[in-house]
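Please take a look at the structure first.

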Amino acid sequence: MERAERIKKIPPYLFAQIDKKISELKSKGIDVISLGIGDPDLPTPPNIIEAMKKAVEVKEYHRYPDYEGSLEFREAVSTYYKNRFNVGLDPKSEVMALIGSKEGIAHIFLAFVNPGDYVLIPDPAYPVYKTAAIFAGGIPYTMPLLEENNFLPDFSKIDEEILKKAKLMFLCYPNNPTGAVANEEFFMEAIELAKKYDIILCHDSAYAEITYDGYKAPSILSFPGAKDIAVEFGSLSKPYRMTGWRIGYAVGNSEIIQGLGIIKTNVDSGQFTAIQKAGIEALLGPQDSIKEMNDIFKKRRDLVVNTLREIGIDVKSPKATFYIWVKVPEGYTSASFAEKLIEQAAVVVTPGSAYGEYGEGYVRISLTTPDHRLMEAMERIKKISF
Ligand SMILES: Cc1ncc(COP(=O)(O)O)c(C=O)c1O
């Protein structure tokens with residue numbers, strides 16, 4: 001069966017070898033610990049589950065939902081933005097519910113990118129930006145995220161001809177996979193650049209609430225002029241441990257939101273209203289569970305960082321996200337280091353090259369594994385000589 005060209009253009013799956021090793025070990029009965037997945041291990045907080053239980057009984061919610069999300073959900077997002085970021089949003093025109101933020105991130109390209117348009121994509125990055133750009137016929141232009149620039153793109157390195165031809169740019173801070181954060185100066189620079197070259201600026205803020213050491217992540221919309229050219233994608237998956245529920249939102253410039261809405265009305269029929277009700281409880285109900293979760297992640301972060309330092313691997317302690325981005329020791333590639341951890345410790349980490357060519361030389365360790373399993377993984381890693 002001949003596949004479409006757009007599918008053939010997707011980068012090859014690099015980790016068949018590693019998957020094979022995992023299956024081999026498991027088939028031998030070896031206890032494999034995965035530190036690969038970014039999915040909170042803690043359950044969804046009970047108040048959110050209770051809201052869902054009540055909502056699921058409501059007969060009106062069993063019918064098709066509103067495409068753009070219920071007005072009540074959009075109002076809740078707007079209230080959350082006011083309370084959390086002091087950003088005002090018109091719930092009717094500047095907020096749209098998504099079936100998880102991934103859905104909106106993938107669809108925004110179809111709304112604005114024509115075949116042959118350049119799109120500015122960070123590397124390493126959440127892979128959906130690049131694949132969605134390819135699906136839309138766009139030309140992904142790589143913005144390297146280098147350690148020496150604190151994993152921020154250096155806009156001065158982008159050729160002016162590319163900037164003139166670019167239609168859309170994606171940014172993500174706090175950043176998956178590097179754990180880096182961005183300051184006001186950087187966001188202002190991005191906004192000015194996008195305005196100057198008429199580029200749609202998309203900010204992925206999936207990790208805005210997963211922060212430590214007193215750091216509070218800003219919304220791009222809190223900076224002057226952002227609403228003229230920017231949208232922000234938010235997720236309830238990570239802060240409220242709702243990954244399986246599939247609920248998120250897009251907020252910001254109303255024309256961009258409207259464009260995204262046109263794609264959505266032709267592809268999906270909105271998210272189940274009962275899940276939106278649970279989302280409202282998440283956004284407007286007690287927020288203590290976020291701090292409790294972050295306290296747990298912080299302890300795990302310190303455990304992993306200290307273990308790696310003990311065995312001579314220099315690593316930065318991230319202020320945000322539940323990922324540790326680790327430079328592999330001399331003589332290893334991302335894949336060979338990941339393979340060594342699987343072979344000698346039965347511990348799975350993600351090779352950095354899964355996130356793009358500039359992820360080569362790193363691996364990503366996720367903190368979303370129960371404490372005792374993470375401790376066991378660290379004990380096993382300590383015994384390996386590199
Ligand atoms: C950077 C980033 N953005 C977006 C998402 C998608 O989250 P969701 O679709 O669950 O809202 C993820 C999920 O891992 C992510 O890491």
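## Helices that meet

In helix α2, the residues Gln 17, Ile 18, Lys 21, Ile 22 and Leu 25 meet Ala 335, Ala 338, Glu 339, Ile 342 and Glu 343 of helix α13; contact here means heavy atoms within 4.5 Å. Please keep in mind that this is a predicted model, where local features need pLDDT of at least 70 and side-chain atom pairs count only at pLDDT 80 or more, while totals for chains, interfaces and linings use all residues. Residues are numbered from 1 along each chain as its sequence is written, and side-chain values use heavy atoms, with hydrogens and water left out.

**α2 with α13**

- Helix α2 spans residues 16–27 and helix α13 spans residues 334–345; they pack at an angle of about 0°, with their axes 10 Å apart.
- That makes α2 roughly parallel to α13, a term for angles under 35 degrees.
- Axes are lines fitted to C-alpha atoms, for helices over the stretch in contact, and angles run from 0 to 180 degrees between N-to-C directions.
- Helices (H or I, at least four residues) and strands (E, at least two) are DSSP runs, numbered from the N terminus.

**α5 with α6**

- Helix α5 (residues 101–112) packs against helix α6 (residues 128–135) at an angle of about 35°, and their axes are 8 Å apart.
- From α5, the contact uses Lys 102, Ile 105, Ala 106, Phe 109 and Leu 110, while α6 brings Val 128, Tyr 129, Ala 132, Ala 133 and Phe 135.
- By class, the contact of α5 with α6 has nine nonpolar residues, no polar and one charged.

**Pockets**

- On a 1 Å grid over the protein atoms alone, a cavity is a set of points where a 1.4 Å probe fits but cannot get out, and a pocket is an open set with protein on both sides within 12 Å along at least five of seven lines; lining residues have an atom within 4 Å of a point.
- The largest pocket has a volume of about 1,400 Å³, where a volume is the space filled by probe spheres set on the points, and grid points are joined across faces, edges and corners.
- Of the 50 residues lining the largest pocket, Ala 125, Tyr 126, Pro 127, Ala 354 and Tyr 355 are the closest to its centre.
- Elements that each supply at least two residues of the lining of the largest pocket include α2, α5 and α6.
- The second largest pocket has a volume of about 510 Å³, and β9 gives the largest share of its lining, four residues.

**Cavities**

- There are two cavities of 30 Å³ or more.
- About 90 Å³ of space lies in the largest cavity, and of its 14 lining residues the closest to its centre are Tyr 80, Glu 209, Ser 235, Pro 239 and Tyr 249.
- Helix α4 gives the most to the lining of the largest cavity, with three residues.
- The second largest cavity holds about 30 Å³ of space, and its lining has nine nonpolar residues, no polar and no charged.
- Among the residues lining the second largest cavity are Leu 308, Phe 337 and Phe 386.

Conventions. Ala, Val, Leu, Ile, Met, Phe, Trp, Tyr, Cys and Pro count as nonpolar, Asp, Glu, Lys and Arg as charged, and the others, Gly among them, as polar. Angles under 35 degrees count as roughly parallel, over 145 as roughly antiparallel, 65 to 115 as roughly perpendicular and the rest as oblique.
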